[in-house]
Amino acid sequence: MKNNSEDAPVLVAHTGPLNGQRWALRGPTIVGRDPMCEIVIADRQVSRQHARLVPSPQGILIEDLGSKNGTHYNGQPLTTTQVLQDGDVIQIALAQQFVYLSSDATLPLEIDELEYPLPGQAFSGFSKEGIIAGHGRLRLEKRSRRVWIGTQEVLPPLSVSQFTLLEILYDNPENVVSREALTGAVWGESQALDVSMQALDALVRRLRERLHSLNPSHNYIVTVRGHGLRLENP
């Protein structure tokens with residue numbers, strides 16, 4: 001059942017068979033393969049009743065209903081009930097991705113005007129100022145954690161750690177970001193001291209490979225020896 005948004009929190013379908021559809025979360029909402037679910041994903045990777053979203057005084061809660069192939073919340077397996085925050089990404093098995101928009105965000109009341117490109121489709125920019133950040137040829141959309149180089153989307157999507165690393169470099173155009181700041185952003189300040197430089201180097205190498213696959217002629221992530229990393233985004 002697809003709803004109009006009005007002033008309710010909204011779940012927007014992205015990568016997957018429901019791409020472009022949206023639902024206002026005014027009551028308990030079950031996502032699954034069963035036709036009786038409020039959001040039906042007709043894919044055998046999806047359990048009959050896969051996940052549930054429930055309004056509460058704290059906000060919209062999401063829980064996995066013991067699904068076979070799991071639910072991911074911002075790239076991490078959903079093992080406990082979570083309170084959704086604006087821009088959170090929900091992945092149902094490998095079949096369908098959603099983005100959650102809270103009722104106090106600026107987007108839900110104008111969501112009909114927002115045009116997300118389909119995965120792999122050419123990117124031409126969004127109509128709402130501030131929805132997408134952009135400094136050069138490489139662009140990223142923070143709500144859905146999607147990345148484009150020119151008109152090509154980086155697919156499959158970057159991992160959470162890859163996107164976080166790219167995002168901090170992207171938010172500091174032309175500036176060198178120290179390796180300590182990068183490990184703190186990716187792994188959290190409490191764990192950063194236990195993260196080896198080799199782990200950061202491996203993450204940087206994988207991210208470079210992903211970006212290089214779309215634009216082999218340009219090195220977006222530049223190492224400044226003795227200082228850190230910088231994003232070269234022409």
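Modeller: The conversation below moves from the whole chain to its sheets, helices and selected residues. Please bear in mind that this is a predicted model.

Biologist: How many helices and strands does the protein have?

Modeller: The protein contains 4 helices and 18 strands. It has 234 residues, and buried residues make up 45% of them.

Biologist: Let us take the sheets. What is the strand order in the open sheet of 6 strands?

Modeller: The order is E2-E1-E11-E10-E7-E8, and the pairing is antiparallel. Strand E2 (22–24) and strand E8 (76–77) are the edge strands, each pairing on one side only.

Biologist: How many bridges join E1 to E2?

Modeller: Strand E1 (residues 10–13) is joined to E2 by 3 bridges, and the two run antiparallel. One of the residue pairs is leucine 11 with tryptophan 23, the latter being its bridge partner in E2.

Biologist: What about the open sheet of 5 strands: which order does it have?

Modeller: That sheet runs E4-E3-E5-E6-E9, with mixed pairing. Strand E4 (39–40) and strand E9 (82–83) stand at its edges with a single partner strand each, so one side of each has no neighbour in the sheet.

Biologist: Do E3 and E4 run parallel or antiparallel?

Modeller: They run parallel, with 2 bridges joining strand E3 (residues 29–32) to E4. Glycine 32 has valine 40 as its bridge partner in E4.

Biologist: Where is leucine 25 relative to those strands?

Modeller: Leucine 25 lies in the loop between E2 and E3.

Biologist: Why does leucine 25 count as buried?

Modeller: Its relative accessibility is 3%, and buried means under 20%. Leaving aside neighbours within four places in sequence, leucine 25 is in contact with Ala8, Pro9, Leu11, Leu53, Pro55, Ile60 and Tyr100.

Biologist: Changing topic to the helices: at what angle do H1 and H4 cross?

Modeller: The axes of helix H1 (residues 160–170) and helix H4 (residues 197–212) cross at roughly 85° and come within 10 Å. H1 and H4 are therefore roughly perpendicular to each other.

Biologist: Which residues in H1 meet H4?

Modeller: On the H1 side they are Ser161, Gln162, Leu165 and Leu166. Their counterparts in H4 are Leu200, Leu203, Val204, Arg206, Leu207, Arg210 and Leu211. By class, the contact has 7 nonpolar, 2 polar and 2 charged residues.

Biologist: How do H2 and H4 pack?

Modeller: H2 and H4 pack at an angle of about 80°, and their axes are 11 Å apart. That makes H2 roughly perpendicular to H4. Arg179, Leu182, Thr183, Val186 and Trp187 in H2 meet Met197, Ala199, Leu200, Asp201 and Leu203 in H4. This contact comprises 7 nonpolar, 1 polar and 2 charged residues.

Biologist: Which residues of H2 are buried? And what follows the helix?

Modeller: In helix H2 (residues 179–187), the buried residues include Leu182, Thr183, Gly184 and Val186. Glycine 188 follows H2 and has a positive phi, near 90°.

Biologist: Next, the strands towards the end of the chain. Which residue in E18 is the bridge partner of isoleucine 221?

Modeller: The partner is leucine 231. Strand E17 (residues 221–224) and E18 pair in the antiparallel sense over 4 bridges. They form a hairpin with 3 residues between them, and glycine 226 in the turn has a positive phi of about 85°.

Biologist: What joins E16 to E18?

Modeller: Strand E16 (residues 177–178) and strand E18 (residues 228–231) are joined by 2 bridges and run antiparallel. Glycine 228 in E18 is the bridge partner of serine 178.

Biologist: Finally, where is glutamate 232 found, and what does it touch?

Modeller: Glutamate 232 is in the segment after E18. Not counting residues up to four places away in sequence, glutamate 232 touches His218, Asn219, Tyr220 and Val222. At 24% relative accessibility, glutamate 232 counts as partly exposed.

How values were computed. Residues numbered from 1 in each chain as written. Predicted model: local features only at pLDDT ≥ 70, side-chain atom pairs only at ≥ 80, totals over all residues. Heavy atoms only, no water. Pairing = 2+ DSSP bridges. Buried < 20%, exposed > 50% of the residue type's maximum accessible area, 1.4 Å probe, protein only. Axes fitted to C-alpha atoms, helices over the stretch in contact; angles between N-to-C directions. Parallel < 35°, antiparallel > 145°, perpendicular 65-115°, else oblique. Contact = heavy atoms within 4.5 Å. Nonpolar A, V, L, I, M, F, W, Y, C, P; charged D, E, K, R; others polar.
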